[in-house]
Amino acid sequence: MFHWRADILPGVSAAFTDAGAGNLALHVGDDPTAVRSRRRLLEESIAVAAGSLHFMNQVHGNTVAVMDAHSPAPEADAMVSRGEPLAVMVADCIPVLLAGESADGPVLAAVHAGRPGIASGVLPAAVRSMESLGASRIRAWMGPSICGSCYEVPADLRDEVSALVPETRSTTSWGTPALDLPAGARAQLETSGVALEYAGPCTLETETLYSYRRDHNTGRFAGLVWCHD
Ligand SMILES: [Zn+2]
């Protein structure tokens, strides 16, 4: 069910699911009842209340939603909370989980960082939002995503994105233009003063993870961050 799971701060855990947890997205043509029951199983396995895990309607933008217990699913690509459990869904984009400390307890974030998100700065925006809630000593855990040796793009798209985030400029293992989104995310986190604690493997090269580039008709795995006793 989990590709990776760890306690990241006192009372805070993070995880990235794998295909064993099944598809967790409602927008990919799967049976919604089955998706909802998989989300319930996931909540049980991390011991959070049923229905308390917040998912977002991800739109490849840079909007950050500050969530409380009663917030509906936002149209956003980043959520920030003072301990409310958060989830981000991906299949090649980078799921980034962040946690910081504040006088009022932990501040959490879950970010969907794909090509448009990296280009438009969704990660620095999420960090600023966490800081506005008083978070300091912010650290980041980057889950599995397509790597810079696999993510082939047209040359003009590579030029467009690498003009904004130079670290993304890459070449595939077969010699064509590519983007290295994890390198871009790493650079943006560093510039924002955030320490990177973990980076996952390549989704396209890992059969137990969903990859949109490998199998177009595919599910989504999730990054999760939550508080516990
Ligand atoms: Zn790869």
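Here is a short tour of some helices and strands.

Before you select anything, note that this is a predicted model: local features need pLDDT of at least 70, side-chain atom pairs count only at pLDDT 80 or more, and totals for chains, interfaces and linings use all residues. Residues are numbered from 1 along each chain as its sequence is written. Helices (H or I, at least four residues) and strands (E, at least two) are DSSP runs, numbered from the N terminus.

**Stop 1: helix α1**

Select residues 32-45, which form helix α1.

Now show V35, R38, R39 and L42, the buried residues of α1. Buried means that 20 or more other C-beta atoms lie within 10 Å of a residue's own, exposed that 12 or fewer do, and partly exposed is in between, with C-beta atoms placed from the backbone. Look down the axis of α1: its buried residues fall within an arc of 100°, so they line one face of the helix. The arc is that of the directions from the helix axis to the C-beta atoms. On the face turned away from the buried side, colour the exposed residues T33, A34, S37, L41 and E44. Following α1 is A47, with a positive phi near 60°.

**Stop 2: the four-stranded sheet**

What covers the buried residues of α1 includes β2 (12-17), where contact means C-beta atoms, placed from the backbone, within 7 Å. Select β2 and its sheet: four strands in the order β1-β2-β12-β5, open, with antiparallel pairing. Two strands pair if DSSP finds at least two bridges between them. At the edges, β1 (2-9) and β5 (86-90) each pair on one side only.

**Stop 3: around β8**

Move to β8 (residues 136-142), which pairs with β6 (residues 94-102) in the antiparallel sense over five bridges. V96 and M142 are bridge partners here. With β11 (residues 195-199), β8 runs parallel, joined by four bridges; select W141 and its partner Y198.

**Stop 4: helix α5**

Finish at residues 181-191, helix α5, whose buried residues are L181, P182, G184, A185, Q188 and L189. These cover an arc of only 160° around the axis, which puts them on the same side of α5. Just after α5, click G193 to find a positive phi of about 80°.

Terms used
The expected span of a helix is 1.5 Å times one less than its number of residues. Two residues are in contact if their C-beta atoms, placed from the backbone, lie within 7 Å.
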